[in-house]
Amino acid sequence: MSVTVIVSFQITDFDVWKAVFDDDETNRKKAGIAATAYKEVDNSDQVHVIGTAPSKEEFLAFFTQPELQKRIQDSGAMGPPDLKFLELG
């Protein structure tokens with residue numbers, strides 16, 4: 001059963017971060033991950049990515065790749081993200 005994932009970041013510049021996010025769409029699709037990025041209405045330095053993944057384990061295998069972590073850091077993410085995994089009850 002797939003899981004819903006919410007990834008929240010504090011960032012320095014939304015446009016820079018979003019360009020990096022958009023550039024990785026092909027890799028997400030290959031991993032079976034569908035995701036949409038949102039910025040907060042009153043704080044554009046806080047972003048949330050909401051998506052689905054085949055499983056928590058498969059998402060973490062994708063998300064913890066060193067190359068992806070470097071891209072996230074280079075995109076202006078400030079500190080580690082907050083990850084939440086949800087499943088239908």
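Predicted model: local features only at pLDDT ≥ 70, side-chain atom pairs only at ≥ 80, totals over all residues.

Trainee: Is Ser-55 buried or exposed?

Mentor: Burial is read from the relative accessible area, and buried means under 20%; Ser-55 is therefore buried, with a value of 15%.

Trainee: Which residues have the most contacts inside the largest nonpolar core?

Mentor: The general idea is that, in soluble globular proteins, nonpolar side chains tend to be buried together. Here the largest nonpolar core has 19 residues, and those with the most contacts inside it are Val-7, Phe-9, Trp-17, Phe-59 and Phe-63. At least two residues of this core come from each of β1 (3-10), α1, β3, α3 and α4 (66-74), while β1 gives the most, with four residues.

Trainee: What is Trp-17 in contact with, leaving aside its neighbours within four places in sequence?

Mentor: With those neighbours set aside, Trp-17 is in contact with Phe-9, Ile-11, Ala-37, Val-47, Val-49 and Ser-75.

Trainee: Where is the place of Val-20, and which residues does Val-20 touch, not counting those up to four places away in sequence?

Mentor: Val-20 lies in helix α1 (residues 14-23) and, with that exclusion, touches Arg-71 and Ser-75. Because its relative accessible area is 25%, Val-20 is classed as partly exposed. Sequence separation is a further thing to read: Val-20 and Pro-80 are 60 residues apart along the chain, and their C-alpha atoms are separated by 16 Å.

Notes
Residues numbered from 1 in each chain as written. Heavy atoms only, no water. Buried < 20%, exposed > 50% of the residue type's maximum accessible area, 1.4 Å probe, protein only. Contact = heavy atoms within 4.5 Å. Core = buried A, V, L, I, M, F, W, Y, C linked by side-chain atoms within 4.5 Å.
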